[in-house]
Amino acid sequence: RKEYVDLYVNYKFNKSVQKPFEDFMQGFLRGCPARNWKMFFPEELQVLLQGHTTFDWHLLEKNVMYRQYKKLDQTIRNFWTVFHKLPEEKKKMFLVFLSGSDRITGYGLECFRFWIQDPQVENPDELSPYASTCYLILFLPR
């Protein structure tokens, strides 16, 4: 029985996925040659490919830039007060809303910058916040 289980486990985890894995590895090495990625530790490569998953949200606030707003405007202060009270999951949902992803590229938050812009509409109470994910702009009505 032990030999059967060992052979079965070996088949499931190694033999049955060998061809798809080799195809994946060939494609991966074509796009990212081994000499380029071997300089990374596995943890560094994971962050580079997947992005950061933990964040310093105050650093995000510090790096934001404003258009038609100033940092001390009441709308901006209210936004950040509410944002910092959100649970971690909701903050990541905000990142998805803003950028299309709940992760930040390998450079980290110190290099991640986005804009908060006033859409300057006649009646801001009739407009919800919206985002331009390509340009990392949050349009926040007053």
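Is K2 buried or exposed in this structure? K2 counts as exposed, because its relative accessibility is 61%; the term exposed stands for over 50% relative accessible area, buried for under 20%, and partly exposed for values in between (1.4 Å probe, protein chains only). The legends below describe a predicted model, in which local features need pLDDT of at least 70 and side-chain atom pairs count only at pLDDT 80 or more, while totals for chains, interfaces and linings use all residues. Residues are numbered from 1 along each chain as its sequence is written, and side-chain values use heavy atoms, with hydrogens and water left out.

View 1. A salt bridge is defined here as a side-chain nitrogen of Lys or Arg within 4 Å of a carboxyl oxygen of Asp or Glu. Helices (H or I, at least four residues) and strands (E, at least two) are DSSP runs, numbered from the N terminus. D6 is partly exposed, because its relative accessibility is 41%. The whole structure contains 4 salt bridges.

**View 2. Y4, V5, Y8, V9 and F13 make a nonpolar surface patch.** The area of this patch is about 560 Å². Patches consist of residues with over 30% relative accessible area and no salt bridge, like charges being joined within 9 Å and nonpolar side chains (Val, Leu, Ile, Met, Phe, Trp, Tyr) within 5 Å. Accessible areas are computed by the Shrake-Rupley method with a 1.4 Å probe, and for residues only the protein chains shown count as cover. V5, one of the patch residues, belongs to helix α1, which covers residues 2-13. V5 counts as partly exposed because its relative accessibility is 46%.

**View 3. Salt bridges that share partners join D73, D118 and R142 into one network.** D118 and R142 form a salt bridge in which the closest N and O atoms are 2.6 Å apart. This pair links distant parts of the chain, 24 residues apart: D118 is in the loop between β2 (115-117) and β3, and R142 is in the segment after β4. R142 also meets D73 in a salt bridge, with an N to O distance of 3.7 Å. D73 lies in the loop between β1 and α6 and R142 in the segment after β4, so this pair ties together parts that are 69 residues apart in sequence. R142 is partly exposed, with a relative accessible area of 43%. D73 is likewise partly exposed, with a value of 21%.

**View 4. D118 is a buried residue in the loop between β2 and β3.** D118 counts as buried because its relative accessibility is 9%. A polar atom of the D118 side chain lies 2.9 Å from the backbone nitrogen of Q120. Neighbours within four places in sequence aside, D118 is in contact (heavy atoms within 4.5 Å) with R67, Q68, Y69, L140, P141 and R142.

**View 5. The side chain of Y69 reaches the backbone of L140 and of R142.** Y69 lies in the loop between β1 and α6 and counts as buried, because its relative accessibility is 6%. The Y69 side chain reaches the backbone oxygen of L140 at 2.5 Å and the backbone nitrogen of R142 at 3.4 Å. Y69 and L140 are 71 residues apart in sequence, and their C-alpha atoms are 9.7 Å apart in space. Beyond neighbours within four places in sequence, the contacts of Y69 include T75, I76, I116, Q117, D118 and P141.

**View 6. Q68 and L136 have positive phi values although neither is a glycine.** Most residues other than glycine have a negative phi. For Q68, phi is about 60°. Q68 is located in the loop between β1 (65-67) and α6 (74-85). Q68 is partly exposed, its relative accessible area being 37%. For L136, phi is near 55°. L136 is found in the loop between β3 (130-132) and β4 (137-139).

How values were computed: A polar contact is a pair of N or O atoms within 3.5 Å; within protein, one must be able to donate a hydrogen and the other to accept it, and residues adjacent in sequence count only if both atoms are side-chain atoms.
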